[in-house]
Amino acid sequence: MPFAQVQMNDYAVVIHAGNDAWTWQVMDFEARVAASGEAPDRESAWRSGLFAAGAVGSLARIGRRL
């Protein structure tokens, strides 16, 4: 079960508490994972996830223009 979730543009950022680290995932609205990773603490997981969501969203917009 996710610890927390927030939506950013066309993606959702979900973080989970693990045993030794926090994991984050960036998912589209069809629940496909676009990016994921680990962080040492909750705040780092949020920052990494939100940054990745912004980057994935920007790349998707560029791809649609081409």
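Trainee: Which residue in strand 4 does Gln25 stand opposite?
Mentor: That's Ser36. Keep in mind that this is a predicted model.

Trainee: OK, and how many bridges join strand 3 to strand 4?
Mentor: Six. Strand 3 covers residues 22-28, strand 4 covers residues 33-39, and the two run antiparallel.

Trainee: What about the hairpin, how many residues sit between the strands?
Mentor: Four residues. Ala31 is the one to look at in that hairpin, with a positive phi near 65°.

Trainee: Zooming out, what pattern does the chain follow along the sequence?
Mentor: Reading along, you get β-β-β-β-α. That's four strands and one helix.

Trainee: How does the radius of gyration of the chain sit against a compact globule?
Mentor: It agrees, because a compact globule of 66 residues would come out near 11 Å and the chain has 12 Å. Along the principal axes, the C-alpha atoms fill a box of roughly 40 × 20 × 15 Å.

Trainee: What share of the residues is buried?
Mentor: 35% of the 66 residues. As for surface, the chain exposes about 4500 Å², with carbon and sulfur atoms supplying 53% of that.

Trainee: Switching to charges, how many positive and negative side chains are there?
Mentor: There are 6 positive and 7 negative ones, and the centres of the two sets lie 11 Å apart.

Trainee: Last one: of the contacts between residues at least 6 apart in sequence, what share joins residues at least 24 apart?
Mentor: 27% of them.

Note on methods. Residues are numbered from 1 along each chain as its sequence is written. This is a predicted model: local features need pLDDT of at least 70, side-chain atom pairs count only at pLDDT 80 or more; totals for chains, interfaces and linings use all residues. Side-chain values use heavy atoms; hydrogens and water are left out. The radius of gyration is taken over C-alpha atoms; the globule rule is 2.2 Å times the number of residues to the power 0.38. Buried means under 20% relative accessible area, exposed over 50%, partly exposed in between (1.4 Å probe, protein chains only). Contact means heavy atoms within 4.5 Å. Accessible areas come from the Shrake-Rupley method with a 1.4 Å probe; for residues, only the protein chains shown count as cover. Lys and Arg count as positive and Asp and Glu as negative; His and the chain ends are not counted. The place of a charge is taken as NZ of Lys, CZ of Arg, CG of Asp or CD of Glu. Two strands pair if DSSP finds at least two bridges between them.
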